[in-house]
Amino acid sequence: MVWHWNCASSLCFNSWRTKGVHYYHLPIKNLELQHEYAKILKNEKVNWKKQVICSAHWTGGNRLSKDHIPDIICSEEQMKKIKKISELRPKDNDMKKKLMCAQRIITQQDHIGKKRKAPKCRSQVQAKKRKRRKSKHELEVQNDKLKKQCDAFKLENEHLNSKVSEVQNEVKRLHKEINALQENLQTEKSVFNSKLKRMKYELNKRTFTYNSLIENGKEFFELCGLTINEFDCVYECLEPFTHLLAYPDCQQDKKKNFNNRLLDEKTELMVTLTIARHNVDLVIMAKQVGASSSTMSRVFVAWMALIRCVFDSIDLKPLPGFVEAFLPKKFVDAGYAECGILGDNTETWVSQFENYDINNLTFSHYKNHTTGKVSVWIYPHGALCKCSEAYPGTISDEQITEQINVLDLCPKGKIVMTDKGFAITDLCHEKGLHHNRPPMKFKHQYDENEVSLNFDIATLRIHNENAIGRIRDWSILNACWPAGRVDLLGTCWIALAHIVNLTKEPSGPKD
């Protein structure tokens, strides 16, 4: 393809047909030269790699070197060509604009280098007149005037200073008044805050919430059986799992995060523990918190199930050597240094069922009533080992011990200490354990050794009875359990046993 040389200037029409004109390549890499060339070319769409510039844009007609910058934007010949083309194309606005631009550039080029001449109509500058010296009399008069002005300024200054002092005194007086008003406002504010605080306290006394009851630690302990620190400890253990709370007979859409909670989580836990501590009727507790009895029932069941699930997942089996390290001296003195665990069963009354077979299954001849039986096991130092689910009252101690697998928590070779009703000697031998219980009375009277042995075992087993008694401090476990909620009896025993084990000191001997 043959490239036709055309000048890149927008105001130049030289091309390869024009004779006596040379063409030069445009600078490609030097940006400063491109800027200088762009002033001459007046063309925004320049192809610096392909287009060229003609020699008519240099004054000498030739480019002396690559750094030689062109200095002619448009010549008169090019202007004539532009004028001729614009006459042939009267409707071409671009050509008219080029013509106007070329005329303006040529007029500017004509004025460059010419000296400006002053207009003929301008009048000649008059010569400066010499200043005449003032006489002595004139200087004295002028001095008197200045003295009078100075005296007037002094008087005015004194008058202004007096006004300024008056204004300053007024400002001081106003400052004192503002300070007095601020002090009165502060005292009124403190009185108002104290009244507001007293009103809030009186209002909180009428509401049964966690935030209102923590003001009085003694009252808080009497209500739920735990101190504020113990309660906070239990709640901190449960808080990571509170999103798993499942309220029975309550429809919850997990996709839609509705916050329809009537009570906050701490208040719900406190209500649950208060109901368990004092066996409070749900209707009374509902009136206390401003809710319905069905809501209280859901809250109680949900929190008891959560407490049982969270704490029952903890492995209470001690590390090797822990029992020996914390074994009370009382066990060593009595000759039971190898004691591993202590166990006993307890029963809770259950109201009679409509079904006769279920009544026979749950009837306890020991209590002469339908009951639920729970097995509680502790370590010698008093910590909880196992709290079982509630079983029917007719179940034997041997059967309940075998079903809860509590003997697996005792190291082999250790002594299992129980009441005389536990016929688990063979079961302990299968597990590699020794069974120790008070001697049975086969004679008319105990001999001296049997009385001593019975006394020693009873002295140590009393700590297991104390542990059960601590759990029974929650009055709900001492009441007659309704037959309709007998499924919740074991859950309450396990949950409250873990709370006692977590918050209270071990019930073992104090050395």
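1. Let's start with the sheet. Strands β3 and β5 run antiparallel to each other, and their pairing takes in 8 bridges. One place to look is Gly343, which stands opposite Trp377 in β5. Bear in mind throughout that this is a predicted model.

2. β3 has another partner too: β8 pairs with β3 in the parallel sense, over 3 bridges. Here Ile341 has Val416 as its bridge partner in β8.

3. If you like checking backbone angles, which residues other than glycine have a positive phi? Asn279 is one of them, at about 55°, and Asn405 is another, with phi near 55°. Asn279 sits in the loop between α8 (265–278) and α9 (282–289), and its 35% relative accessibility makes it partly exposed. Asn405 is in the loop between α14 and β8, where 44% relative accessibility puts it in the partly exposed class as well.

4. While we are around α9, have a look at Gln288, which belongs to that helix. Gln288 counts as partly exposed, with a relative accessibility of 42%. Its C-alpha atom is separated by 9.6 Å from that of Thr209, a residue 79 positions away along the chain.

5. Now the salt bridges, of which the structure holds 13. One of them joins the side chains of Lys504 and Glu230, at 3.1 Å from N to O. Are the two ends buried or exposed? Glu230 counts as buried because its relative accessibility is 17%, whereas Lys504, with a relative accessible area of 26%, is partly exposed.

6. Asp408 and Lys431 also meet through their side chains in a salt bridge, again given as 3.1 Å, N to O. Asp408 lies in the loop between α14 and β8, and Lys431 in the loop between α15 and β9 (434–436), so this contact ties together parts that are 23 residues apart in sequence. Asp408 is partly exposed at 40% relative accessibility, and Lys431 is partly exposed at 30%.

7. A further salt bridge has Arg485 and Asp487 as its partners, at 3.6 Å from N to O. Arg485 is partly exposed, with a relative accessible area of 33%. There is also a network: Glu170, Arg173 and Glu177 are joined into one by salt bridges that share partners.

8. On to the surface charge. Which residues gather in the negative patch? They are Glu398, Glu402, Asp426 and Glu430. The elements giving two or more residues to this patch are α14 (397–404) and α15 (425–430). Glu430, which has its place in helix α15, counts as exposed because its relative accessibility is 64%.

9. Last point: there is a nonpolar patch on the surface as well. Leu319, Phe322 and Phe326 form it, and together they have about 330 Å² of accessible area. Of these, Phe326 is found in the loop between α11 (322–325) and α12 (329–333).

Conventions: Residues numbered from 1 in each chain as written. Predicted model: local features only at pLDDT ≥ 70, side-chain atom pairs only at ≥ 80, totals over all residues. Heavy atoms only, no water. Patch = residues over 30% accessible without salt bridge, like charges linked within 9 Å, V, L, I, M, F, W, Y side chains within 5 Å. Areas by Shrake-Rupley, 256 points an atom, 1.4 Å probe, with all protein chains shown as cover. Salt bridge = Lys/Arg side-chain N within 4 Å of Asp/Glu carboxyl O. Lys, Arg positive; Asp, Glu negative; His and termini not counted. Charge placed at Lys NZ, Arg CZ, Asp CG, Glu CD. Helix = DSSP H or I, 4+ residues; strand = E, 2+ residues; numbered from the N terminus. Buried < 20%, exposed > 50% of the residue type's maximum accessible area, 1.4 Å probe, protein only. Pairing = 2+ DSSP bridges.
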